[in-house]
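Thanks for making the time this morning.

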Amino acid sequence: MFTPDDKDYLNKKGITTKEANRQLEALVNGIPFADVVTPATIGNGVEIYTEAEQLELVSFYDDVRQDREIVKFVPASGAATRMFKHLTRFLDEFDPEEELINTYLNKPENALAKEFFANFKEFAFKKLVRNKIREHYPSFKKMTKGPRYKALAEMLLKKPGLNYGTLPKGLIPFHKYIKYFTTAFEEQLFETAYYAASSEGVKVHFTFAEQHVDKFKDVYTSVKKRVVKKTKTEFDITYSFQKTDTDTIAVDKGSNPIRNTEGELLLRPSGHGALLSNLNDIDADIIFIKNIDNVVCEKFVPEMAYYKKILAGKLVAIQKQVFKLIEQLDAGVSDEKLNDIKSFVWNSLYCKSKPETIADLRSVLNRPIRVCGVVKNTGAPGGGPFWVRKNKQDSLQIVEAAQINIDDALQKKSLDDATHFNPVDLVCGVRDYQGNKFNLHDFKDTESGFVTQKSYLGMPIKALELPGLWNGAMANWNTIFVEVPLSTFNPVKTVNDLLKKEHRPLV
């Protein structure tokens with residue numbers, strides 16, 4: 001299937017022929033659905049704490065964090081294209097010579113565009129767009145409503161305007177303050193100081209698309225003085241790119257590998273699961289993981305930070321117990337103590353595999369740990385916490401809806417009965433009881449992943465995504481789910497989400 005030239009090309013990208021054949025097999029045969037047993041709910045895999053317990057966990061974390069190496073890991077390479085999807089469609093569809101603007105906007109399918117234009121003055125980028133309009137449309141004020149809206153959208157999304165349609169979300173102005181605006185990038189820095197500052201300052205690691213690094217550097221240069229003054233701390237910002245050896249092949253409808261216009265195998269970015277390699281390069285005691293667009297304006301940060309500390313406190317507390325138990329196992333324990341450890345593994349680590357031997361118990365305990373905030377399910381698309389069975393063992397997993405076979409009545413019922421949603425709010429412990437960093441690749445489920453339908457040069461293709469970073473890539477971690485308020489989850493999926501109160505400092 002692969003020619004000698006193909007193998008040489010794959011080798012240059014760091015991809016073995018064995019791995020390419022594995023990908024091809026997955027594309028041809030598909031990837032099995034997750035075997036969902038039941039949704040994780042309060043009392044059945046999702047923990048909820050009293051106010052006193054919350055304060056205790058916050059205190060526990062605050063007592064130790066100055067002496068811990070802490071990093072926040074922020075996937076930030078995602079483009080803002082989908083954020084402006086309804087405006088891109090407006091530019092493609094609306095012709096002021098053929099249709100009245102009100103006729104177009106009053107169609108139900110164009111409700112988002114209507115809301116955007118009606119509230120344009122509320123957005124943080126308002127002045128920047130108006131400056132571009134004055135530069136390129138000097139007669140703007142004399143234009144009728146339809147052409148004005150068209151010009152506005154063009155100056156927002158296209159060149160020679162702001163070209164936001166091609167920028168990453170992290171560079172889009174999100175929040176409008178009295179004298180300045182902030183991007184999601186800056187808000188990530190600001191909030192991190194509230195819960196992840198240690199004696200070494202604030203460390204934040206971003207995964208950027210390589211072509212946008214200079215733009216992020218320019219933004220940091222322009223806001224550094226402000227954010228350092230507000231937080232009274234110094235920042236250590238590092239970044240990395242998705243590695244080429246995580247790219248995957250694609251096939252056509254005949255299951256033949258797709259080639260690019262130069263005859264080389266088409267290799268595509270393999271989703272956020274590829275970032276496991278980037279995460280694996282981070283050597284820290286505590287790693288917070290949060291998506292770039294899930295931010296709030298300053299007045300809501302203290303509440304959000306409080307719940308981050310609860311999750312971190314739970315991580316530190318459970319780590320302390322786990323490390324102590326491993327040391328006890330190594331030193332030798334009585335049968336009574338062995339039963340206590342088994343009970344801990346079952347009840348506190350939610351490991352239902354019933355490890356019997358000391359070696360089995362030690363293997364279960366000596367794993368990376370993640371404490372995941374989950375919010376009540378409001379029907380938003382995405383993943384959630386479930387009990388999943390694999391190899392006759394049940395474990396807590398974050399499962400995407402696409403991984404569940406909705407044609408199976410029992411599986412669909414589990415999906416329908418889900419009470420919680422995954423907002424990507426993780427705190428991770430990636431070192432063992434001796435302080436050595438785990439190799440995170442040892443704990444992924446290589447058999448999971450996603451086969452997606454895409455297009456290339458107008459041709460339908462099947463593409464492969466690696467096990468998601470918080471899905472199969474962390475399948476064999478010890479996982480604890482904790483309910484956090486919906487107010488901590490404020491992603492910007494469309495630009496109109498910026499009209500919500502959590503994104504409006506002046507409201």
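This is a predicted model: local features need pLDDT of at least 70, side-chain atom pairs count only at pLDDT 80 or more; totals for chains, interfaces and linings use all residues.

V399 is buried, since its relative accessible area is 3% and the cut-off for burial is under 20%. V399 belongs to strand β14, which covers residues 393-399, and although V399 is 361 residues away from T38 in sequence, the C-alpha atoms of the two are 11 Å apart in space.

Let me move to strand β19, residues 478-483, where six of the six residues are buried. In a regular strand the side chains alternate between the two faces of the sheet. For β19, then, which residues are buried on one side and which on the other? On one side they are N478, I480 and V482, and on the other T479, F481 and E483, so that both faces of the strand are covered.

As for the partners of β19, strand β12, residues 369-376, runs parallel to β19 and is joined to it by six bridges, while strand β3, residues 45-47, also pairs with β19 in the parallel sense, over two bridges. If you look at V482 in β19, you will find G373 standing opposite it, and V482 is also the bridge partner of E47.

There is also an open sheet of four strands, with antiparallel pairing and the order β10-β9-β18-β17. Its edge strands are β10, residues 267-268, and β17, residues 450-456, each of which pairs on one side only. Between β17 and β18, which run antiparallel, there are seven bridges; Q453, for instance, has K462 in β18 as its bridge partner, and F450 stands opposite E465 in β18. These two strands form a hairpin with two residues between them, and in that hairpin L457 takes a positive phi, near 55°.

S255, in the loop between β9, residues 248-251, and β10, has a phi near 65°, a positive value in a residue other than glycine. K232 likewise has a positive phi, near 55°, without being a glycine, and its place is in the loop between α10, residues 213-231, and β8, residues 235-240. Is K232 buried or exposed? With a relative accessible area of 76%, K232 is exposed, because the cut-off for that class is over 50%. Finally, the peptide bond that joins K159 and P160 is cis, with omega at about 5°, and P160 is placed in the loop between α8, residues 145-157, and β5, residues 173-176.

A disulfide is a covalent bond between the sulfur atoms of two cysteines. In the case of C428, the closest cysteine sulfur is that of C372, and because the two sulfurs are 7.0 Å apart, they are too far from each other for a bond. C428 counts as buried, at 0% relative accessibility, and C297 counts as buried as well, again at 0%.

I will finish with the second largest pocket, which holds about 410 Å³ of space. It is lined by 25 residues, and those closest to its centre are E19, R22, D245, K444 and L466. By class, the lining has nine nonpolar, 10 polar and six charged residues. At least two lining residues come from each of α2, residues 17-29, α11, residues 276-280, and β18, residues 459-465, and α2 gives the most, with four.

Notes:
Residues are numbered from 1 along each chain as its sequence is written. Side-chain values use heavy atoms; hydrogens and water are left out. On a 1 Å grid over the protein atoms alone, a cavity is a set of points where a 1.4 Å probe fits but cannot get out, and a pocket is an open set with protein on both sides within 12 Å along at least five of seven lines; lining residues have an atom within 4 Å of a point. Grid points are joined across faces, edges and corners, and a volume is the space filled by probe spheres set on the points. Ala, Val, Leu, Ile, Met, Phe, Trp, Tyr, Cys and Pro count as nonpolar, Asp, Glu, Lys and Arg as charged, and the others, Gly among them, as polar. Two strands pair if DSSP finds at least two bridges between them. Buried means under 20% relative accessible area, exposed over 50%, partly exposed in between (1.4 Å probe, protein chains only). A disulfide is a pair of cysteine sulfur atoms within 2.5 Å.
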